[in-house]
Amino acid sequence: MNKGVFIKIIKWIYKLADGGEKSSQVIFAQFNELIKKVPLLYSILLVNSLSLAYTHYGVAPDYLTIYVAALLSIGCISRAIRWYGFRNSDFSLKQARHQIRITVIFAALMGIVFSIWSYSLYSYGGLALQTHVVYYISITVIGIIICLIHLPAAAWSTSITVGLPFVIFVIYSGHPVFVAIASNFTLVVLVLLKITQSYYRSFSSAIDAKQQIERQHRHTKKLNIQNELLANQDGLTKLANRRSFANYLNAKLSDTTKNKNFIVGLIDLDGFKPVNDIHGHAAGDRVLTEVSNRLKKLLNTDAMLARIGGDEFAVVLDFDNDNEQIQNLGKKITASLQTPFKMRTGLVQISGSCGFAVYPNAGQTAEKLMDRADFALYEAKNHARGSSVIFSEKHEQLIRKKSLIELALGQSVKKEQIKIFYQPIVNGKTGEIVGFESLARWFHPELGQTPPEQFIVTAEKMGMVTEITLYLFELAIQDLRSWPSHIYLSFNLSVHDVINRETLKQLSTILKKYQLPTNRVQFEITETTIMSDLEHCSNITRELQQEGYAVALDDFGSGYSSLSYIHKLAFDTLKIDRSFVHNLQHNARSRGVVKTILELGSSFEVRCIVEGVETEEQKNLLLELGCQNMQGYYFYKPAPIKEFTFEKLK
Ligand code: C2E
Ligand code: CA
Ligand code: CA
């Protein structure tokens, strides 16, 4: 045979000995099982062979029963020792696979060698010794197959190289008892091979399943770590998030060993929203990251800095209760935020306001400290944007007053403390009253008079604005019944009323109760209300119009003043904010703006009312600009209805 073909055959056998595709885990498990079983296998082979040599000693030639037997025993012992030694060594996948292949090949080779030896003993001695040979081969093959239950390839190779020639040999001998033994042997081996096969299948799939579970476990562990991180970290700035900030603050407060002063600071960016709108969200993100970097640089490393909202940051740091020092820190923070941010689209200018609360003076719980810092922040934002405010006793009094107001407001409707004042809407040229705007007034015996802007906001926060609206509307409708039919009621709605369809239905029910037509009522909705949810509010105004109400866009020009959405909205009246009237005489630009709005109104066929007319001069200027309807102290101040005499109007 040529050398190349021989090597190819060896390689083919070597590959075949592997026993097919299997995962690395199965290979290692198989190998570990072999380490335990192979020494046992060689022990069986050794004992069986020695007992065969013993029974044939003196009958068969010595070279067979002593020398060859000794050689074979040495082979068995050395293989058993070698495998026993594997227990304490580490094997790579490649090494383990190699040993498995070698085991399969060895099973065949050793089988052939031992078979030849036993067959050579067969020709010596009588029937009893021949029976021992037959018994030896059959019991050894069965023992080997059982030991190799984890390696079907080796079990098969032994069965084919030893078992098959054995059966042929015995049948050829023609002895009926031996033929019966050979038949039994064949049956047992076939059953054993079948068992080996199915045992191996369940063994390898159990190993694979275990591996899959381990893999899933590792994956779950990794996900858990990621989730933990996400749950506590702000994804953009990598600062702590609101949750971990709260945890930190609570832990700090419960650590009674550190009874030192510390401050809780809230930092809110002013003018951040337009950055997103004008420069895009990517630029907004970059500004936030840069803000977090600037703040980190300013604060020492043991300060806890977190991003707790879109453009809101919070900090906890140990600090002496020294107002001047805290103020300096506030100044440093606000100054650093005022430095422009370099973006690809140009420079971005924002500012930031800060509110500080000092532990333990301002509060001793996390909730109270956050609340106080938030109050201070609100003060900073309201009075001087881009500044910082430290929560003080003065603020504590304000809060107390606020909670008194809240308490009293809750009773105001029941105690009939809220009344309506009316301010006429007039024809500027003739002075004729065309309608009345109802304005709420709250009189409290101890708190005095609270401005509507203030108590409406408080009522909104307390969730009792609907109650006030419905109560006032009923009062106004009762008044409307006695007015001449050409005079309408203009009624202010708050954002909560507009958003809630149920409130609007209840308003209609009140009108029906007094049998008045919807066209006697105009609802005033502010520009800021509309902007809070343009889509929803424009649907609502359309529905109100369809029911026959008039809708006025109030305070036009005070907020976002975008002319672009006007055509999208359904409304009948535009109330031009009083801030324009203020500058009318001195500012040509204001005049230009008012003129443009008036022209826009007439082109949309929308009635315009200019609010806040205080002087004759203003009235005349507005008439020149083409304004018809006006409202303001020049004509009438808001007053109870009894102060207006309707005889004149009829
Ligand atoms: P608004 O709807 O813009 O009402 C006009 C405000 O301007 C009234 O203030 C009125 O007294 C004042 N005003 C009228 N003429 C002049 C003037 O010539 N010069 C100046 N400087 N001011 C003038 P008021 O009554 O304090 O109401 C403030 C705001 O409170 C109202 O602004 C309105 O938004 C809200 N409000 C008042 N009553 C109610 C109400 O019943 N429900 C709701 N939701 N809001 C109300
Ligand atoms: Ca109004
Ligand atoms: Ca207004």
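Asp-554 is buried, with a relative accessible area of 5%, where buried means under 20% relative accessible area, exposed over 50% and partly exposed in between, using a 1.4 Å probe and protein chains only. The model is a predicted one, in which local features need pLDDT of at least 70 and side-chain atom pairs count only at pLDDT 80 or more, while totals for chains, interfaces and linings use all residues. Residues are numbered from 1 along each chain as its sequence is written, chains are lettered from A and ligands numbered from 1 in the order in which they are written, and side-chain values use heavy atoms, leaving out hydrogens and water.

Asp-554 turns up at two metal ions: the calcium ion (ligand 2) and the calcium ion (ligand 3) sit 3.9 Å apart, and Asp-554 coordinates both. Donors here are N, O and S atoms within 2.8 Å of the metal (3.2 Å for Na, K and Ca); water is not among the atoms, so sites may look incomplete. Glu-437 belongs to strand 9 (residues 433-444) and Asp-554 to strand 13 (residues 550-556), so the pair ties together parts that are 117 residues apart in sequence. Strands (E, at least two residues) and helices (H or I, at least four) are DSSP runs, numbered from the N terminus. Glu-437 is buried too, with a relative accessible area of 5%.

Asp-555 counts as partly exposed, at 25% relative accessibility.

Now for the helices. Helix 6 (residues 152-173) and helix 7 (residues 176-232) pack at about 170°, with axes 10 Å apart; axes are lines fitted to C-alpha atoms, for helices over the stretch in contact, and angles run from 0 to 180 degrees between N-to-C directions. That makes helix 6 roughly antiparallel to helix 7, a label for angles over 145 degrees. The contact (heavy atoms within 4.5 Å) includes Trp-156 and Phe-166 from helix 6, and Phe-185 and Tyr-200 from helix 7.

Helix 5 is mostly covered, with 15 of its 21 residues buried.

Notes: Parallel < 35°, antiparallel > 145°, perpendicular 65-115°, else oblique.
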